[in-house]
Amino acid sequence: MKKKTFFTTQFMFLLFFNGAVLLLSVMLWKEKLEVQKEMALSEHYMILSSVMRDMQAEGGDGYDAAKLMEPYTRYRKDKRRALYLYRGEQLLYSDVDDREIFDMEKTAAAEEGMRRIRTDGLFLYVEGKFLQPWDDYILVYRYDLRQMYENWRKLKNTLFLGGSGCSLLLSLCLLTLLNRLFAPLQQIAATSRSIASGDLQGRLPEKGKDEVAAMAGSFNEMASTIQRQIAALQEAAEEKQRLVDNFAHELRTPLTAIYGYGEYLQKAAVTEEDKVACAGYIMSECRRLSNLSRQLLELAALRGEDIAWEPVPVERLMETVEYTVRAKAEKRGITMTFQAELDVLKGNPELLESLLINLIDNGIKACESGGCVQVKAYRDGEKAVLSVSDNGRGIPPEELGRVREAFYRVDKARSRKEGGAGLGLSLCEQIADIHQAVMELDSIPQKGTTVRIAFPYEAG
């Protein structure tokens, strides 16, 4: 691009510059020629008038042409001017050795006293007739233009030579200017190649406030956006890979147990009591698989469906949730309390119910017998908040940032024993995102955990 710009600009400059020099030279030549024509006409008129006066002074009809023209011959010493005196077709006088023979019928003026000026090669001619009674005489004035042409040619060559020097100097300036102008583009190309090769840290310097600086800023913003998007894609890919790995791991344990008990029932001689025990283990693992598939389907549905919102009475929502989890809480000896300071909460009733059930279920699993789970709905400034608190074993600080990941469990052995798949909080966060809410977790080991879902003001 830089070479094309340089050579195109250079060609256009040389074309216009040399054209201008040529035009100026032609104009100078024409101007000099016009000046010379005026001078030639003036001299021709002066000589013709003087010769006529001399002829009138002598009288008679026989004139000595050499004697008449001698004063004007001595007057001209530069040998660039020549005079020819004709009478009819007869050449009477010429002050140069190369006497020219003119076809006077074609060259002389048609009427007496009329003059004509013309150029022939590098000679300028002025032709004119005398007045009566000498109208058969013709005076031809010739001016040699060769010296003037040589001076013009030298001037023209000097102009072209100076133009060539200026062209060389301007070419160097143009090359320097193009190097400076194209330097940012070269930096962009180098940085682009660096980004394409995997180095996402490359950026352009932003200097000044001109268009180049604005372009550099836009490029850097684009590179930062690409870097963030690639980082997000890598993170998503890693999360999907962890999800697949965890899912495969979750499937392996119950399938191994089901296969082992089934093989034991098939090949071993077992009592009825052992058969009932094996069937119980198999059913327990099947329930785990069923719960796992149900939660995965719920997660998939949340990502792919549009959710209808409606006003949800908070007290009725808590009653429904309490009825669902009461049996499990009583079985483990856990006390539950519900406190509703909001009348309605705008959202999807089924999803809000699933949200509370999953959070309460996690709280029940975290508590020992005699523990307590508290559910509240209240307003906090411009937010409508649902919170679920327990006084269970809590979550270590180093684990708090990962508990929302699918299949992640703090106490893996206890969670599997209790039938958990590690999808509850991931499902809850999806439900919160759909409701434009923010889920926050606060936990102190051995003291308990509080999960707050802060909805927008309009939701309350």
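Let's start with M55, which lies in helix α1, spanning residues 2–58. Helices here are DSSP runs of H or I with at least four residues, strands are runs of E with at least two, and both are numbered from the N terminus. What you're looking at is a predicted model, where local features need pLDDT of at least 70 and side-chain atom pairs count only at pLDDT 80 or more, while totals for chains, interfaces and linings use all residues. Residues are numbered from 1 along each chain as its sequence is written, and side-chain values use heavy atoms, with hydrogens and water left out.

Back to M55: its relative accessibility is 1%, so it counts as buried. Buried means under 20% relative accessible area, exposed means over 50%, and partly exposed is in between, using a 1.4 Å probe and protein chains only. From M55 to A65 you go 10 residues along the sequence, and their C-alpha atoms are 9.8 Å apart in space.

Next, a look at the record. UniProt, in an unreviewed entry, places the feature "transmembrane region" at residues 6–29 and 158–178. Its positions are given in the numbering used here, feature names are shortened, and annotations may be inferred rather than shown by experiment. In the model, residues 158–178 are 100% helix and 0% strand, with the end C-alpha atoms 29 Å apart.

Now for the aromatic rings. A pair of them is described by the distance of the centres and the angle of the planes. Rings of Phe, Tyr and Trp (its six-membered ring) pair if their centres lie within 6.5 Å; planes under 30 degrees apart count as stacked, over 60 as edge-to-face and the rest as tilted. That rule gives 5 aromatic pairs. One of them joins W29 and W152, with centres 5.5 Å apart and planes at 55 degrees, so this pair is tilted. It links distant parts of the chain, as W29 is in helix α1 and W152 is in helix α4 (residues 146–196), 123 residues apart. Both W29 and W152 are buried.

The whole structure has 11 salt bridges. Among them is R116 with E127, at 3.4 Å from N to O. R116 is in strand β3 (residues 115–120) and E127 in strand β4 (residues 123–129), so the pair ties together parts that are 11 residues apart in sequence. R116 is partly exposed at 33%, whereas E127 is buried at 0%. R118 belongs here as well: R116, R118 and E127 are linked in a network of salt bridges.

Finally, E440 and R452 form a salt bridge with their closest N and O atoms 2.6 Å apart. E440 lies in strand β11 (residues 438–444) and R452 in strand β12 (residues 448–455), so the pair ties together parts 12 residues apart in sequence.

Terms used: Salt bridge = Lys/Arg side-chain N within 4 Å of Asp/Glu carboxyl O.
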